[in-house]
Amino acid sequence: MLLFAAASLAVIVFLPAFAVATEHIVGDESGWVLNFDYAKWAETKQFVVGDTIVFKYGSASHNVMEVGGSDFLACNKAVTTNALKTGEDRITLDKAGRRWFFCAVGEHCKNGMKLKITVLETAAPAPALPPSSPASNVQANFGQAAAAVTALAVAVLFL
């Protein structure tokens with residue numbers, strides 16, 4: 001029983017540290033296609049080390065090439081970079097910083113089929129909620145519940 005209480009307390013204390021990686025489908029349901037605003041799409045996402053981005057496309061029509069910033073701006077195919085072309089390319093974001101991708105088929109990059117993202121080391125904190133919002137009430141209730149469970153776990157430890 002004592003071991004269970006200690007484990008419960010550890011889970012409560014360290015729960016925020018157990019972040020789950022996110023899988024981002026580039027372009028959401030549209031996928032990796034021409035005539036899509038990938039800059040606008042990326043603005044709505046938060047990319048963190050450990051996340052995965054997935055490029056879904058018709059493999060005969062497109063590919064994915066990761067390049068440096070200057071090659072990205074000029075749509076230059078990097079000589080040392082091989083294009084990914086499976087139709088469902090998965091890239092794990094393994095370090096913080098900027099990453100640049102484009103389709104190297106024909107003029108696709110020059111026609112806007114390119115993606116620039118910034119990968120963060122950790123997720124940014126959630127914005128504070130107004131005190132009277134329903135979400136802040138849930139947040140406050142969760143805090144009270146967590147405090148009650150913690151108090152119960154401590155009580156069990158000392159019984």
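**Entry 1: Arg99 and its partners**

I looked up Arg99 and found a salt bridge to Glu66, with the closest N and O atoms 2.4 Å apart. I count a salt bridge when a side-chain nitrogen of Lys or Arg lies within 4 Å of a carboxyl oxygen of Asp or Glu. The model is predicted, so I keep to its limits: local features need pLDDT of at least 70, side-chain atom pairs count only at pLDDT 80 or more, and totals for chains, interfaces and linings use all residues. I number residues from 1 along each chain as its sequence is written, and side-chain values use heavy atoms, with hydrogens and water left out.

Where do Arg99 and Glu66 sit in the chain? Arg99 is in strand β6 (residues 97-102), and Glu66 is in strand β4 (residues 65-67). They are 33 residues apart, so the pair links distant parts of the chain. My helices (H or I, at least four residues) and strands (E, at least two) are DSSP runs, numbered from the N terminus.

Next I checked whether these residues are covered. My cut-offs are these: buried means under 20% relative accessible area, exposed means over 50%, and partly exposed lies in between (1.4 Å probe, protein chains only). Arg99 has 9% relative accessibility, so Arg99 counts as buried. Glu66 has 28%, so Glu66 is partly exposed.

Arg99 also forms a salt bridge with Asp94, where the closest N and O atoms are 3.6 Å apart. Asp94 counts as exposed, at 55% relative accessibility.

**Entry 2: The other salt bridges**

How many salt bridges does a search of the whole structure find? I get 5. One of them joins the side chains of Arg90 and Glu88, at 3.0 Å from N to O. Arg90 is partly exposed, with a relative accessible area of 45%. Glu88 is partly exposed too, at 37%. I also noted a network of salt bridges that links Glu23, Glu88 and Arg90.

**Entry 3: Strand pairing**

I turned to the strands. I call two strands paired if DSSP finds at least two bridges between them.

I began with β3 (residues 52-56), which is mostly covered: 4 of its 5 residues are buried. Strand β1 (residues 23-25) pairs with β3 in the parallel sense, over 3 bridges. There, Ile25 has Val54 of β3 as its bridge partner. β3 also pairs with β5 (residues 88-92), this time in the antiparallel sense, over 5 bridges. Phe55 has Asp89 of β5 as its bridge partner.

Then I looked at β7 (114-120). Strand β2 (residues 47-48) pairs with β7 in the parallel sense, over 2 bridges. Val48 stands opposite Leu120 of β7. β6 and β7 pair in the antiparallel sense, over 6 bridges. Arg98 has Thr118 of β7 as its bridge partner.

**Entry 4: The cysteines**

Which cysteines are joined by a disulfide? Cys75 is joined to Cys109, with the sulfurs 2.1 Å apart. My rule for a disulfide is a pair of cysteine sulfur atoms within 2.5 Å. By this rule the count is 1 disulfide. Cys75 lies in the loop between α3 (69-74) and β5, and Cys109 lies in the loop between β6 and β7. The two are 34 residues apart, and the pair links distant parts of the chain. Both Cys75 and Cys109 are buried. The torsion about their S-S bond is about -75°, so the disulfide is left-handed.

Cys103 is buried, with a relative accessible area of 1%.

**Entry 5: Gly106**

I found Gly106 in the loop between β6 and β7. Is Gly106 buried or exposed? Gly106 is exposed, with a relative accessible area of 62%. Gly106 and Ser61 are 45 residues apart in sequence, and 9.7 Å apart in space, C-alpha to C-alpha.

**Entry 6: The whole chain**

Along the sequence, the pattern reads α-β-α-β-β-β-α-β-β-β-α. Of its 159 residues, 28% count as buried.
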